[in-house]
Every structure is written in structure tokens, then in C-alpha cells.
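Hi there,

Here is the structure we talked about, followed by some notes on what turned up in it. Have a look at it first, then read on.

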Amino acid sequence: MAEHSENPVESVKEKIIETLHGHDSSSSSSSSSDSDSDTKKPDSPSSVKAKIFRLFGRDRPVHHVLGGGKPADVFLWKNKKVSAGVLGGATAIWVLFELIEYHLLTLVCHISILALAVLFLWSNVHTFIHKKPPHIPKVHLPEEPFLQIVSALTIEINRALVVLRSIASGRELKKFLIVIAGLWVLSIVGSWCNFLTLFYIVFVLLHTVPVIYDKYEDKIDPIAEKATIEFKRQYAVFDAKVLSKIPKGPLKSKKV
């Protein structure tokens, strides 16, 4: 009888323990589901922003794309006085050489004559007019900036030569068409204006286009994305109808 009396009590205890364990497991599963839901949060604004189409596939700000430093500050008008001074100086040079038709050698000679005459007279007359003689500083150009410019130009020229070589060898049809189109457009522009005017136009564009794009990039990028998609679609049609039908010679096997 004692065993029969203890069995119901033990069975009740086991049921209570099972219910407690079930509650713990449900709470742990709910906590794990909460943690999973926490881990599956929506993407942060930065990641969503990174997925937005950017012109030329860039993933850095415009300031970094332009190289950073003072040149990028000038192009983006961070210091309006300096940028306006640089653009104004370029405009004055263009007006002198293009509109007034002043020659570079003549301008350099006239400026040198004027400067040397003023300094020479001032150096000889300062004792009579009771003024200090002119302070003529010693000018010494460092070699390092020129070497850096030459090195950068050499790297870019070598890179361009490698691209032209690969195009001339018949490997890159797409690049070939792009280069031919670019050179054709450049030849048309060159027939409209001389090199100085073309250089001035490019200089003005560098001082206007980046700052406008930096200010309105959220409006420009969607338009550029649509234009890029349309260009790719038209190129795919052109490739399927024209480029794919161009016969190609057999490729030579490379020597090991």
C-alpha cells in the first residue's frame, strides 16, 4: 500500500518537473528565435547606400576620386577665393592668347623686360630716393616634385601603350570600338577649335562638373544608371546582329 501511495506523489512531481523543463525549453527557443530575428535585421543605411548605383562604379567620395589634397579642394570649390583665382587666371591667359592673339614668347619677353628694367633702375636709384634696395630672393626649384610628375606621366603613358598594344593585336573588340569613337570625336572637336581653347574648355569643365555632381549626385546617379542600362542593351543588340557575325581567325595556341 505504501508503494501505491508514493507512486501518485512521484508521478505528480515528475509532471511538475516536465512542465518546468518544457517552459525553460520554450523560453530558450523563444530567446534563440529573438536572437535570430535580431541577427536578421534589415540592412543598415550605410549598406543600403553602398548598393546604390554610382557613376563609373565608384565606391569613394568625389574628393577621393579627384586625388584628394589641395587640387581636389580647388576643383570642388572648398576655398572659393583660390578656385575663383585659378579659374580667373586661366580665363585671362585664354583671352590673351586666343582673343587678343598675344603670342607666348612675346608675352614672356615683355614681362621679363619690364621686371628687369624696374629692378635694375630701383637698385641704382634707391640711394637718391632714400629707399631700401629691392629684395631679390634666391629662387631654387626642388627636383622632387618634377620627378614625381615625370614618374606619374611615365606610368600613365606606359599603361596607355599597353592598352593600345592589346587593341592593335586584335584582342579587345569593345575597347577598339571605344577608342576609335573617342579619337573620331576628338578629331571633330579639334577641327572646331585649337589646342589652347580645347585645354581651356577641359579646365573649365574640371572646375564645374565635379562640384555640380558632388552637390546633386543623388539626382544624377539614377539618370546615369538608366543611361548605362540602355547603352548596355543597345550594345548587346549590336553585338548580336553585327559583332558576333564578324569572322575571327583561329587562335594560336600559346607555347608552354
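Let me begin with Glu-101: at 59% relative accessibility this residue counts as exposed (exposed means over 50% relative accessible area, buried under 20%, and partly exposed in between, with a 1.4 Å probe and protein chains only). Glu-101 sits in the loop between H5 and H6, and its phi is near 60°, a positive value in a residue other than glycine. Most residues other than glycine have a negative phi. Trp-77 also has a positive phi, of about 55°, although it is not a glycine. Trp-77 belongs to the loop between helix H4 (69–75) and helix H5 (80–99), and with 25% relative accessibility it counts as partly exposed.

Some background before going further. This is a predicted model, in which local features need pLDDT of at least 70 and side-chain atom pairs count only at pLDDT 80 or more, while totals for chains, interfaces and linings use all residues. Residues are numbered from 1 along each chain as its sequence is written, and side-chain values use heavy atoms, with hydrogens and water left out.

Overall fold

The protein has ten helices and zero strands (helices are DSSP runs of H or I with at least four residues, strands are runs of E with at least two, and both are numbered from the N terminus). Of the 256 residues in the protein, 11% are buried. The unreviewed UniProt entry places the feature "transmembrane region" at residues 82–100, 107–125 and 176–206; such annotations may be inferred rather than shown by experiment. In the model, residues 107–125 are 100% helix, and their end C-alpha atoms lie 27 Å apart. For residues 176–206 the helix share is 94%, with the end C-alpha atoms 27 Å apart.

Aromatic rings

There are three aromatic pairs (rings of Phe, Tyr and Trp, the last by its six-membered ring, pair if their centres lie within 6.5 Å; planes under 30 degrees apart count as stacked, over 60 as edge-to-face and the rest as tilted). Trp-94 and Tyr-200 form a stacked pair, 5.0 Å centre to centre with 10° between the planes. Trp-94 lies in helix H5 and Tyr-200 in helix H9 (residues 195–215), so this pair ties together parts that are 106 residues apart in sequence. Both Trp-94 and Tyr-200 are buried. Ring pairs also link Phe-195, Phe-199 and Phe-203 into a cluster.

Salt bridges and cysteines

The model holds two salt bridges (a side-chain nitrogen of Lys or Arg within 4 Å of a carboxyl oxygen of Asp or Glu). Glu-156 pairs with Arg-159, their closest N and O atoms being 3.7 Å apart; these two are three residues apart in helix H7 (residues 143–168), about one helical turn. Glu-230 and Arg-233 meet at 2.5 Å, N to O, and both lie in helix H10 (residues 217–241). As for disulfides (cysteine sulfur atoms within 2.5 Å), the whole structure has zero. Cys-109 is partly exposed at 36%, whereas Cys-193 counts as buried at 19% relative accessibility.

A nonpolar patch

Finally, a nonpolar surface patch of about 1000 Å² includes Leu-114, Phe-120, Trp-122 and Val-125 (patch residues have over 30% relative accessible area and no salt bridge; like charges are joined within 9 Å, nonpolar side chains, namely Val, Leu, Ile, Met, Phe, Trp and Tyr, within 5 Å; areas come from the Shrake-Rupley method with a 1.4 Å probe). Val-125 is found in helix H6 (residues 104–125) and is partly exposed at 33% relative accessibility.

Best wishes
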